[in-house]
Amino acid sequence: MDVPPTAPTPPTLPASTLPPALARRSPLVAAILGWAFPGLGQLYAGRPLKALIMLGTICGLFYWGLALTGFTCVDPYTYGLEFVAHAWIGGPTAWAYWSSREIVLADPMPYLEVGRLYVAVAGLLNIVAICDAVGSVLEHNARAEDRDALRLQMEQDHLDAIARLEVARAEAAALELDVTVDLDGEEPPRPDSAIDWAAREDLP
Amino acid sequence: MSWADLLWLPPVMLAVALVLGTAGRSGARVIARSVWHTFFALTLGICAVGVCIHLIARIFS
């Protein structure tokens, strides 16, 4: 059985000469992670400093407010409107609600209003953090696209250079053939004068 | 009403400035500058609103 001849594959660039490719990330996953726990979305997007700031700020304010209310303010039945704000921090709100089910305060907390405000503000601030996580992922994906385009361009440039080299080799071989043919008494053409190199626009 | 009654405000302002200043920026120096600008603007805005309320209360009382 005859094997059809195949064109030789041109040598590709070694991977070490190309910039490393960046993996795409999902904005939806970033939003869900950011909702579940403040800062996780930024961590997923590859921004650890922002993740640390969001985590410390939002969770700190949330826990401080919770402590000021005696861990009783996350209650959708008592503070229904505020729970709309609390719900934007999924994980800590679920933990606070679960762990404060049995708590009954004997005395009213002196800073209850301030604590409620802190927890509600923390929940609303996490909306900003979620949006920032999604934006960070979109920015990362744009960088990944630019990186892929650069890699493609470098590979294409490499292939173009190989193709130009092949053309130059073929022309040189043709010149040598002409020299051989014209050697019957006449003066052979000089390679330098046979090709007008200055007029060749396709050469680098 | 005393200044001590306003002690609840700086932590909220700091938290808001930290989150709003960090969001949409990258780089430690850019974030630090942005957080400071946000905190400064918040302080200025809240003080201006406080002065306005105080003056209005003075005028109409």
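Let's start with confidence. Chain B has an average pLDDT of 93. In that chain, 100% of the residues score at least 70. Keep in mind that this is a predicted model. For the complex, the predictor reports an ipTM of 0.89 and a pTM of 0.78.

Now the build of chain B. How many helices and strands does chain B have? Two helices and zero strands.

Next, its dimensions. Take the C-alpha atoms of chain B along the principal axes. They fill a box of roughly 50 × 20 × 15 Å. The radius of gyration of chain B is 15 Å.

On to the contact between the chains. Chain A puts in 17 residues, and chain B puts in 13 residues. Which elements of chain A give two or more residues to the side that touches chain B? They are α3 (48–68) and α6 (112–181) of chain A. The largest share of that side comes from α6(A), with nine residues.

What kinds of residues make up the side of chain A that touches chain B? Twelve are nonpolar, two are polar and three are charged.

To recap: chain B is two helices with zero strands, and α6(A) gives the largest share of the chain A side that touches chain B.

Definitions and conventions
Residues are numbered from 1 along each chain as its sequence is written. Chains are lettered from A and ligands numbered from 1 in the order in which they are written. This is a predicted model: local features need pLDDT of at least 70, side-chain atom pairs count only at pLDDT 80 or more; totals for chains, interfaces and linings use all residues. Two residues are in contact if their C-beta atoms, placed from the backbone, lie within 7 Å. Helices (H or I, at least four residues) and strands (E, at least two) are DSSP runs, numbered from the N terminus. Ala, Val, Leu, Ile, Met, Phe, Trp, Tyr, Cys and Pro count as nonpolar, Asp, Glu, Lys and Arg as charged, and the others, Gly among them, as polar. pLDDT is the predictor's confidence in each residue, from 0 to 100. The radius of gyration is taken over C-alpha atoms; the globule rule is 2.2 Å times the number of residues to the power 0.38.
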